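Here are a few notes from going through the model.

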Amino acid sequence: MHTRTVFFISDGTGITAETFGNAILAQFEFKPRHLRLPFIDSVDKAHQVVRQVNHTAEVEGNKPLVFTTLVNREILQVIEQGCKGMLLDMFGTFVRPLEVELGITSNHRIGRFSDVSKSKAYHDRIEAINFSLAHDDGQSNRDLESADVILVGVSRSGKTPTSLYLAMQYGLKAANYPLIPEDFDRQQLPGALVPHRAKIFGLTIQPERLAEIRNERRPNSRYASLENCRMEVAEAEAMMRRAGIRWLSTTTKSIEEIATTILQEIRPERLEY
């Protein structure tokens, strides 16, 4: 049961407000109800937001937490003056003091996706997503020389979500290949990957956790049995050691942590925004 409602209010998508707000809220042990209110780009919409926040405060008997990244001062003032929640204006907290310190007026651009059609980085990101989808789970061996990273590991070790995160967040062309029993029998990497060994990064996982994940997909199957998971993980790790491939365990790591570790090893310059 939630104990407090949190609003993320923006005149853009609200992704920045929600990401920043969630990073702060993660420091506290409670489960709030999350409401993202994007595209609040008029005074009328701002008044609607005020009514919604105030109604929530009345019903719950607690001040809602309100994170905003509103650029338009007129719209923000409506929220500031009428809202009965705890208002946390992130642009006001950071942007305006920076304007004073730097002696520069910010461009007051709404959202980080403005003028996206003119952005090479955006088009590169779309191309990377398409590449990662086409090269998911060993679907294609074509154009691997264009890959920035090739992830290998047993089935359900986190390769697909990590590949897509690297593509969406950093514009990296990430392919991924499952290591399967035939590879273990040969005790070799798939032949198509050998010429690109410098780009390969391995993912492994504790067998017990792997068995839990696989049982959600194929319960009571040999594929999901603990014995089989132990065998596959042991064989995969032995293969990666023999091939000199860098690897890490995904058992207790988030996708963000996995991706950051890979970037540090493969493309450290991409850690720059």
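1. A definition to start with: a salt bridge here is a side-chain nitrogen of Lys or Arg within 4 Å of a carboxyl oxygen of Asp or Glu. Keep in mind that this is a predicted model. With that in hand, look at E265 and R246, whose side chains meet in a salt bridge at 4.0 Å, N to O. The two come from distant parts of the chain: E265 sits in helix α10 (residues 255–266) and R246 in strand β8 (residues 246–249), 19 residues apart. Both ends of the pair are partly exposed, E265 with a relative accessible area of 42% and R246 with 30%.

2. How many salt bridges does a search of the whole structure find? The count is 10. One of them joins the side chains of E18 and R36, with an N to O distance of 2.6 Å. This pair also links distant parts of the chain, with E18 in helix α1 (residues 15–25) and R36 in strand β2 (residues 33–37), 18 residues apart. Buried means under 20% relative accessible area, so E18, at 17%, is buried. R36 is partly exposed at 39%.

3. D89 and R96 make another salt bridge, and their closest N and O atoms are 2.8 Å apart. Is D89 buried or exposed? At 10% relative accessibility D89 counts as buried, while R96, at 26%, counts as partly exposed.

4. Now for the helices. α8 (residues 207–217) packs against α9 (residues 226–243) at an angle of about 125°, and their axes lie 8 Å apart. Angles over 145 degrees would count as roughly antiparallel and 65 to 115 as roughly perpendicular; α8 and α9 are therefore oblique to each other. Their crossing is right-handed.

5. Which residues make that contact? From α8 they are P207, E208, L210, A211 and R214, and from α9 they are L226, N228, C229, R230, E232 and V233. By class, the contact of α8 with α9 has 6 nonpolar, 1 polar and 4 charged residues.

6. Last, a loop residue to look at. D136 lies in the loop between α5 (120–134) and β5 (149–153). Leaving aside residues up to four places away in sequence, D136 touches T160 and N176. N176 is 40 residues from D136 along the chain, and the C-alpha atoms of the two are separated by 5.4 Å.

Terms used
Residues numbered from 1 in each chain as written. Predicted model: local features only at pLDDT ≥ 70, side-chain atom pairs only at ≥ 80, totals over all residues. Heavy atoms only, no water. Axes fitted to C-alpha atoms, helices over the stretch in contact; angles between N-to-C directions. Helix = DSSP H or I, 4+ residues; strand = E, 2+ residues; numbered from the N terminus. Parallel < 35°, antiparallel > 145°, perpendicular 65-115°, else oblique. Left-handed = near helix turned anticlockwise from the far one by under 90°. Contact = heavy atoms within 4.5 Å. Nonpolar A, V, L, I, M, F, W, Y, C, P; charged D, E, K, R; others polar. Buried < 20%, exposed > 50% of the residue type's maximum accessible area, 1.4 Å probe, protein only.
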